[in-house]
Structures are given as structure tokens and as C-alpha cells.
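Here is a short report on one protein model. Keep the structure in view as you read.

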Amino acid sequence: MPAYSPPFPSCCVAVRPCIPACKQVLGSTSALSAFGRALSTRTGFASCSKPTSVGPMTSSNCKRVIVRAMSQRGSQGLPIDLTGKRAFIAGVADDNGYGWAIAKALAAAGAEILVGTWVPALNIFETSLRRRKFDESWKLPDGSLMEIAKVYPLDAVYDTPEDVPEDVKTNKRYAGASNWTVKEVAETVKNDFGSIDILVHSLANGPEVTKPLLETSRRGYLAAISASSYSFVSLLQHFLPIMNPGGASISLTYIASERIIPGYGGGMSSAKAALESDTRLLAYEAGRKGKIRVNTISAGPLGSRAAKAIGFIEKIIEYSYVNAPLQKELLAVDKTVTSFLLYSESAITYSTAEVGNTAAFLVSPLASAVTGSTIYVDNGLNTMGLALDSPTLST
């Protein structure tokens, strides 16, 4: 499968450092050539064989060395190549969420895709796959269709079979499914494939998300923490032993972790704050223990099926569009969600492609020194301190 190319320019980068009094510094022109050869050998960069002047303002005593970073893939530019890598993505149940977008981006970059689907949604998801309902949204940039190597039943609220309460075991929505706790899924993946390189956490649930925090029960609060943040700890805990050194793990967070978003309640804002804090500590522990990088993406609002539980996701999307520094329609490469502005006849087309592209970068060798970070992919909305559409600004 062809490697996915990010939207970087495919041209070479020319760096022309001025080296005054070259003969005094390096001794001779031959020494300068030797320096260029050494630079080429040690860095993989090519240097020009002849010193070059770059214009009338250049001193005659100043020689120039041109260093070019040449792409090994010609006109493709700087590639994200995940060929030979295997990714497990927890939290894919349809084709309009961030988990799906990340799966597509990783597949486009050449990775093998495994997904974990919430048990009650498994039958519908697998039926839709068999009936090819997702064919249009499966298309990759090269025109081929994304392939999912295997779909695993998963409920990341439960770590082991012993943790599952009796009422869940006998629930009709779990009938026929087996080996779906975190520990069992990790063991099954190990038996099926041996190891993975990439772990993606795209899970969140708050049963009381519509309630203000002052009205949230202890049970609802802890449920949000369990499903939305500790589930990431559990996944990494159980998958780390089968992750290849140099691998990476990412999760998805939201700006409510650090800003007040009225209506995003039930402990969900606290769960996202915990997720971001855990990302930093897990980056240290997983990095030292398994050479695994851990990051989280703070994504802009998306009108996914899960997000609609909040009750006013369309207004949040509208607010983001109006107030973000980059007031633009996000890149329309993926299947999009469209909502209409309350104060305009135009429409917002919000795509998940940017989040997928960022995830592909974060799990690739290009981000080999990036870990413990929260990466914002929200058109810059997180930087704003004033709502530009506030009625007080128009008075």
C-alpha cells in the first residue's frame, strides 16, 4: 500500500551557511571539500562540490556551502511511512468518529489495522461492514479501500472477567460475545498477531454528561472517569507487554479539560483533565519501561453520534467556527458532518481528516522525540480568550 504523504511541500530545503575566512577556519579549499563530504556522510545530506556566491551583497572572502535535504522518495516529499506497523484502535463503531478517521490515516500510511468495538455496537458495526455500507468512506487517497484485519469485541470499562458484574454478563446486548475485557482482548491480539506497534484510545462515556457538576452523582462521576480516562491506563497497562519498542500510543481529549464548557458535565471535564495528566506520567513510565511514546490530541468539536449525547453539539461547532483564529472549513478529505449556522445561511463542513493526519504524524518516526504532549487540533480555538461573537462586542 502506498505511503501516505502529508501536506508538506515536496521541494528541497537549501541551507546556505556563511563561513567567513574559510581558509583560516578550515585551512584550505580542500579542507572545505572534506568538510562537505563529512557532512554528507554523517547526516545524509548532499553538499555542492563548488563554493557558491549568492549575490552582490556577498563578501568575496565568504564562501558558501549548499546543503540540500533530499527526499528519498523523489517528488513525494517528506513521507509518513507506517508500512510493516500494526495498530490497535479502541473505540471504532461507525464511520463518522475520530477513531475511524485515525484508522484511515494510519491505513493510508501503510499500517495494518485492528479495531476494538464496544460490545453492544458490535453486531451493527459488523453487519454494516459485511453489507459494504461504509465503502464510500473507506476510500483512501490512492483510491483503494481501507482494510480492517480484524474487529475485536471490547468493553474497556472492565479489565478482567472477574470485574464484570452479573447483570452485564446476562445482558442481551453482550450475548454471544466473549473475551471482551481489556486483558482478554490484549491476550487475543497477542495470540492472533504476536505484537502491535501503535495503540489508539478513542473512548469516552459519561452517563450523566448533561448534568451540571453540582448535580452529578458519585456513581455518574466515577463512571465518566472509568470509561473516559482510566480505560486508557488499562489499555496501555495490558497492551504494553506486546508493543514493539519504539511504538506509540495516543488518546483523544477535549478543551473542557482546562476551560469551562457549560453543559459538558457529569464529570466529563474532570475525566479529560485526568486523561491529559495521565498522558504525561504514562509517557515517563511507558517510555522508560518499553520505549513507547504517549501523547494525546485535543480535537475540535465533532458532531459524531457519541457527541450528540451532549445535546447542543451543533452550537459548539458553530461557536468554534466563528471564534477560532483559523476561521475555515476543515480539510474536506474524510466523510464530513455538516451543521448550519444560527446566524448565517452558510454551512460548516467539519472533517475529521486533520485529526487523523496529526495522529499519523504522532505515531510515525517523524515524531520520535515527541511524548507526554497534548497536541491541539482545533483551528487554534484553545488560544482564544474572548468570544468574538459575543453580543457585548456589537453594542
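Helix 7 passes helix 8 in a right-handed crossing. Right-handed means that the near helix is turned clockwise from the far one by less than a right angle. The two helices, residues 182-193 and residues 218-239, pack at an angle of about 35°, and their axes are 9 Å apart. Axes here are lines fitted to C-alpha atoms over the stretch in contact, and angles run from 0 to 180 degrees between N-to-C directions. Helix 7 brings Val182, Lys183, Val185, Ala186 and Val189 to the contact, while helix 8 brings Ser234, Leu235, His238 and Phe239. Contact means heavy atoms within 4.5 Å. By class, six of these residues are nonpolar, two are polar and one is charged. Ala, Val, Leu, Ile, Met, Phe, Trp, Tyr, Cys and Pro count as nonpolar, Asp, Glu, Lys and Arg as charged, and the others, Gly among them, as polar.

The model is predicted: local features need pLDDT of at least 70, side-chain atom pairs count only at pLDDT 80 or more, and totals for chains, interfaces and linings use all residues. Residues are numbered from 1 along each chain as its sequence is written, and side-chain values use heavy atoms, with hydrogens and water left out. Helices (H or I, at least four residues) and strands (E, at least two) are DSSP runs, numbered from the N terminus.

Now take helix 3, residues 98-108. Eleven of its eleven residues are buried. Buried means under 20% relative accessible area, with a 1.4 Å probe and protein chains only. Among them are Tyr98, Trp100 and Lys104. Gly110 follows helix 3, and its phi is positive, near 105°.

Trp100 also belongs to an aromatic cluster with Phe125, Phe134 and Trp138. The whole structure holds eight aromatic pairs. Rings of Phe, Tyr and Trp (its six-membered ring) pair if their centres lie within 6.5 Å.

Two single residues come next.

| Residue | Relative accessible area |
|---|---|
| Ile316 | 10% |
| Ser249 | 0% |

Ile316 lies in helix 10, residues 313-323. Leaving aside neighbours within four places in sequence, Ile316 is in contact with Tyr254 and Pro301. Gly300 is 16 residues from Ile316 in sequence and 9.3 Å away in space, C-alpha to C-alpha.

Ser249 sits in strand 10, residues 243-253. What does the side chain of Ser249 reach? It reaches the backbone oxygen of Leu199 at 3.1 Å. Not counting residues up to four places away in sequence, Ser249 touches several residues, including Phe232, Leu236 and Ile292.

Technical notes. Buried < 20%, exposed > 50% of the residue type's maximum accessible area, 1.4 Å probe, protein only. Phe/Tyr/Trp six-rings, centres within 6.5 Å; stacked < 30°, edge-to-face > 60°. Polar contact = N/O pair within 3.5 Å; in protein donor to acceptor, adjacent residues only side chain to side chain.
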